[in-house]
Amino acid sequence: MELAKQWLQGKGVELGRGAHNPLAPADCINVAPCNGVDYIDERDLLDYQRSAAEQEKYGYAVAQVDIVAEATDLPLPDGELDYVASSHVLEHVPDIFRAWLEWGRVLRPGGINFMIVPKRDAIAEDSVRPISGLEAHVETFLQGVNPDSLPPSLPWRGHYHVFTLQGLFAALNWFNQQGLGCCWLLEAQEESDSKIGNGHTLVLSKQHTLPPLQDCISQLGAAFQNERYAEAALLARQALSLNFRIHEAWFILAMSQVQLGDRRAAGQSLTQALVLQPKHAEYRNVYQQLQGQPFSYPLSLVDYLARLL
């Protein structure tokens, strides 16, 4: 996965690494709630055994676990890491904001939070469940919910959340507006991950603060018009980290990325502009020119919206 090669460099951890489908480099630190002997909870040992059997189906030995710990409580010093990687893990964490705070703690300034989360139709059971909304994430965070405090009827470390990429953007915006001690800057995103294709990719970098939204917006147009494309791309990403619903910022980001020679990223940014404004003629025309095919609304979103009728 080229995006992972680009961003996952230096010292880092992968949470819940699977030997059959690893995300981070081979020298990463693998953190999981069980290593086959030690565990956080007895139920984690059963999960480990099931996971080991699943990986063996693919002809792989189980991935060696280096640290037994919760994803929300990493026994690492502040600012120790260059990246935290997770693939199909965040949905198993009841409190995503607590996780983001912890990952921010162990990352250096500018360190990378690289996540792939499953699409809502990645497994049949999730496709008929409601999308996890921002209000639910906020309530879980404010109440300090953890796996032990969840109702026993819920599967242990099951899929607590059903995500869309846009729902993650909304969570990112809320987190960045709370003054929690760190912020996350949008670096890259994929509506369909380029690793397997059954998830969404979100790449964030740790920042101490972000500039006010109005400052980003007021400078964005001038930076683009004056051909300062790297500055325009940064301003757009800063703005979208605070309010992802500004479709013009997605479009300027895409056009700046084209000028900077990153057509792949431009296609992903233009996709988000069209998710917000699917009938926008200019956006559709540019998408056709860039991608060589008409824009199609993401099927998982179409299916979800249809179920609301």
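This is a predicted model: local features need pLDDT of at least 70, side-chain atom pairs count only at pLDDT 80 or more; totals for chains, interfaces and linings use all residues.
**Ground rules.** I number residues from 1 along each chain as its sequence is written, and I work with heavy atoms for side-chain values, leaving out hydrogens and water.

**Sheet.** I took helices (H or I, at least four residues) and strands (E, at least two) as DSSP runs numbered from the N terminus, and counted two strands as paired if DSSP finds at least two bridges between them. I found an open sheet of 7 strands with mixed pairing, in the order β3-β2-β1-β4-β5-β7-β6. At its edges stand β3 (67-68) and β6 (183-190), each with a single partner strand, so one side of each is left without a neighbour in the sheet. I then followed β6 to strand β7 (residues 199-207), to which it is joined by 7 bridges in an antiparallel run; here L185 stands opposite S205 in β7.

**N113.** Leaving aside neighbours within four places in sequence, I list its contacts (heavy atoms within 4.5 Å) as V84, W100, W103, L107, W184, L202, V203 and L204.

**Cores.** I define a nonpolar core as a set of buried Ala, Val, Leu, Ile, Met, Phe, Trp, Tyr and Cys residues joined through side-chain atoms within 4.5 Å. The largest has 66 residues, and those with the most contacts inside it are L15, L90, F97, W100, W103 and L270. Helix α6 (residues 165-176) supplies the largest share of this core, 8 residues. Apart from it I noted another core, of 14 residues, among them L8, L23, A85 and I112. Going back to F97, and again omitting neighbours within four places in sequence, I find it in contact with L134, H137, V138, F141, A171, W174 and F175.

**Pockets and cavity.** On a 1 Å grid over the protein atoms alone, I call a set of points a cavity where a 1.4 Å probe fits but cannot get out, and a pocket where the set is open with protein on both sides within 12 Å along at least five of seven lines; lining residues have an atom within 4 Å of a point. Points are joined across faces, edges and corners, and a volume is the space filled by probe spheres set on them.

The largest pocket holds about 1400 Å³, and of its 49 lining residues the closest to the centre are G16, S51, H88, V89 and H92. Helix α2 (42-57) gives the most to this lining, with 7 residues.

The second largest pocket has a volume of about 220 Å³ and is lined by 16 residues, of which E187, R237, Q257, D262 and A265 lie nearest its centre. Its largest share, 4 residues, comes from α10, which spans 263-276.

I count 1 cavity of 30 Å³ or more, and its lining consists of N21, S87, H88, I116, D193, K195, I196 and N198.

Terms used. Buried means under 20% relative accessible area, exposed over 50%, partly exposed in between (1.4 Å probe, protein chains only).
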